[in-house]
Structures are given as structure tokens and as C-alpha cells.
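Here is a friendly note to read with the structure open beside you. Take the points one by one, and find each place in the model before moving on.

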Amino acid sequence: MAQLSDDCFAFGGPMMSVDEAVSIIAARVTAVQDIETVSLTVADGRILAKQISAPLPLPPFTNSAVDGYAVRSGDLAQVEEQEQALPVAGRVQAGAAAQGPVEPGHAVRIFTGAPMPQGADTVFMQEDVRLDQGRVVLPVGLKPGANVRLAGEDIPAGHSALAAGQRLRPQDVALVAAFGLTHVEVRRRIRVAVFSTGNELVSPGASRGAAQLFDSNRFMLMAMLVRLGCEVSDLGILGDDRVSLASALKSVAGTLDLILTTGGVSTGEEDHVKAAVESVGTLVLWRMAIKPGRPVAMGIIGGTPFIGLPGNPVASFVTFVHVVRPTVLALAGATQQHLIPMPVRAAFTYKKKIARREYVRVNLRRRENGVLEAVKFPREGAGLLSSLVDTDGLVELGEEITLVELGQTVGFLGYASLI
């Protein structure tokens, strides 16, 4: 179980910036220490526990990069604009060893990936030559060493190929496979409990009262956690009652790595999460300078990190990305993956308060001149699920910005990059 000290999120001011919260999370959260060995077939998305150094060079032998004819560069004519014909002696296919060295003044037929015959150091592409009665006619101007992949030119033996903390991607799995490895050591998955709060919520499939809503946040958050490689426990919906909330929080603390709730973290009379956390643990933050999503509760219950997200779905989505995501990565022992906005042209104007990070839902479109521009969703409500479904991502507006003007360059974060 991951543990936190009670002061890990200590903050003296009334509202914490996004960067302050993320930096504290990254510095103070202790990663799980359990390691397991998994097959490459299920390694995608897992956090690498130990560095992988190349056990062999890549490529492991010098080979041809094209289908063509291998020659000794010393045999090539030095006179410009003069073709040269060499007799073809031998043939090397991919997966087969060369039968011997290439003889001086000769060429060897070779195919992509086939090992270079001893002595040969240059390959002419088959499209660039012609055959004439058992000889290959070579054009002038090819540089020595062309179309040859040298042994170890990609990765030399012993090189640190993948670092501990790497969140494995398909291309990383491919690299491990190229080393001939079948398994990797990874951190165990983070265990997260998720529940919603609010008398107004019922689960999909249940009978819904006239004044009730089907709970959507819980399923969105669980899906996002699964994409981050977590093991998720669905704890359902808890009513607006401080005592039952406190009891539920206390019952799961100490057995999981993170407790995540949605709803009930604002300042209304029926928002009981803050009081419930304070009764069984320590609440160390409950407001962040972010829109949508200002009410975010962070605390510790029995040594287990707790995060309470807002109830509005857009606010819950945005704060998950910027609070829960870095927390999960830190708990999992992953290297923090900083989000890098893509510069695009703003096709909208927008005013905002200073000292607050804001996220605007947008669609991307390409202008006739090829420039990408961000088109703002026509409505701004934090309860509009359609604003997440019908857009491509978020424009990030930093704390120092107060006005976005038409045509200004802004930073775009696509939804695919946020999890």
C-alpha cells in the first residue's frame, strides 16, 4: 500500500496553483515497491521497474537496407558520368548467411535485411541499375557505404535502452522483443477505489426518480484510471451524509493506494465530503486555481492518499487530468509525463481572471492555408457532457493570461494525450 505523511500537501495559502499541486505530488508521493514479471503480450502501459540495457547490438549484424547489389566501394569507377559493369557472382537472401566474401571487381545480388558479404560495403538499389548479360551496370555518384545498416548503428550493446519508470508503449515493447526478451519486470498496478456522492444520483440501470440523474462521472473516472493501468474498485454511490461518508472512507483506507470520489467537495450545506475526510483523516487542500474544477479536495486517510473531484463532469475530467493523473503516475513509480500543448491559432476571443489556469473546450479545423485553428465550443457549462464528446481537446490558458484575441497563438491539448 502506498503511504503519505500528513503534511505532504501542506499549503498555507487559500488556493493552490496547478503547478504547485503537481510539484508537491511528484516530490512527496511514495511509489509502490512491489514488482512483478509479465509477458511482452501484456506489457503495454505498464511501468518498467528496472532499466533495460541492450544485451546485443541492433542491428546485430551489418546488413543491406534495400534490395539490390552489394559491391566493394574500392571497385567503383572514379570517373564522373561513366557507368560501370561488374559481373554478378553470388546471391544473399534475408535470413541466410553469405557463402563467402565478395571477390574484387564483382557484385553480389542481395536483399533487404540480408547480411553483407565480407568485403562489401555499399549497395546499389535494384531500381537504379540494369542487367546486361550476367553483369550489373552501375550508375555513377553513389557514395561509399550507401544503403547499408551497420551492426549496432541503432543501439550498441550495453546501451541503456529503456529507463526505470518508463510507461511502456507499443514501440517500447517492440524494442524489448528485438533484444530477444520475452518478459519484463514492472511495478504492480495501482489499486484505486472510486465512488460518487450525492442523493441525486442513481446508477445506470436502476430506477431513477424524477429529481435524480444517472451517475456518469464514476464510469468516466474508472475508464480513465483503467487507461492509466490501474486496478479499479467500484464502490458505487454514497448519499449526502457525513457519517456514512466518513465510515466508507475509513473502511477502504489502508487497503488501497488511492481513494477517489466525485461530488460533494464544494461549500454547500449538503457537500459533506470535506467534513467526512476531516473526521477520519487530514484534509490538506480543497481549492485549486483552476477552471473548470476549483473545488478539489486532497488529503490522507490512514496513510492512503485521498482525492475528491468536483461533481460537474467537465470539471471532474479536467481535474482528473491535472491532479489524479500525476498522482497515479507518482504512485506507480512512473516518470512524470508532462503535457506539452500544441500551438494553434485561436478562432475565438475569451476573457479570464488572472492567477487562474483555465481550459477551454475546442474543436480543431484546418484553414485553407494549412494553419490549424481552435474553434471554441459554443457553450461553457461545466455540466455539459456534450462539450467533451463533441470536441477534440482543450486550449490551456495560463495564469498570466487575461485575454485571448482572434488569431492569437494558444496551446492545444488533444484528449488522446491527456491519459
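1. Let's begin with Ala297. Is Ala297 buried or exposed? Ala297 has a relative accessibility of 1%, and because buried means under 20%, Ala297 counts as buried. Do keep in mind that you are looking at a predicted model.

2. Where does Ala297 sit? This residue belongs to strand E20, which covers residues 297-301. Now find Leu283: 14 residues separate Ala297 from Leu283 in sequence, while their C-alpha atoms are 7.2 Å apart in space.

3. Next, please turn to helix H2, residues 170-178. Which residues of H2 are buried? They are Asp172, Val173, Leu175 and Val176. These four lie on the same side of H2, because they cover an arc of only 155 degrees around the axis.

4. What covers the buried residues of H2? The cover includes three strands that you can pick out on screen: E2 (52-53), E11 (160-162) and E12 (183-187).

5. Of its six residues, five are buried, so E28 is mostly covered. One partner of E28 is strand E22 (residues 342-346), which pairs with E28 in the antiparallel sense over four bridges. Strand E26 (residues 393-397) is also joined to E28 by four bridges, and E26 and E28 run antiparallel.

6. Which residue of E28 stands opposite Met342? That residue is Phe412.

7. Finally, some empty space. Rolling a probe the size of a water molecule over the atoms shows where such space is left. How many cavities of 30 Å³ or more does a search of the whole structure find? The search finds one, and the largest cavity holds about 70 Å³ of space.

8. What lines the largest cavity? Its lining includes Gly45, Arg46 and Ile47, then Arg187, Arg188, Arg189 and Ile190. Leu228, Gly229, Cys230 and Ala332 also line this cavity. Sorted by class, the lining has five nonpolar, two polar and four charged residues.

Terms used: Residues numbered from 1 in each chain as written. Predicted model: local features only at pLDDT ≥ 70, side-chain atom pairs only at ≥ 80, totals over all residues. Heavy atoms only, no water. Buried < 20%, exposed > 50% of the residue type's maximum accessible area, 1.4 Å probe, protein only. Helix = DSSP H or I, 4+ residues; strand = E, 2+ residues; numbered from the N terminus. Arc of directions from axis to C-beta. Contact = heavy atoms within 4.5 Å. Pairing = 2+ DSSP bridges. 1 Å grid on protein atoms, 1.4 Å probe; cavity = no way out; pocket = protein on both sides within 12 Å on 5 of 7 lines; lining within 4 Å. Points joined across faces, edges and corners; volume = space filled by probe spheres on them. Nonpolar A, V, L, I, M, F, W, Y, C, P; charged D, E, K, R; others polar.
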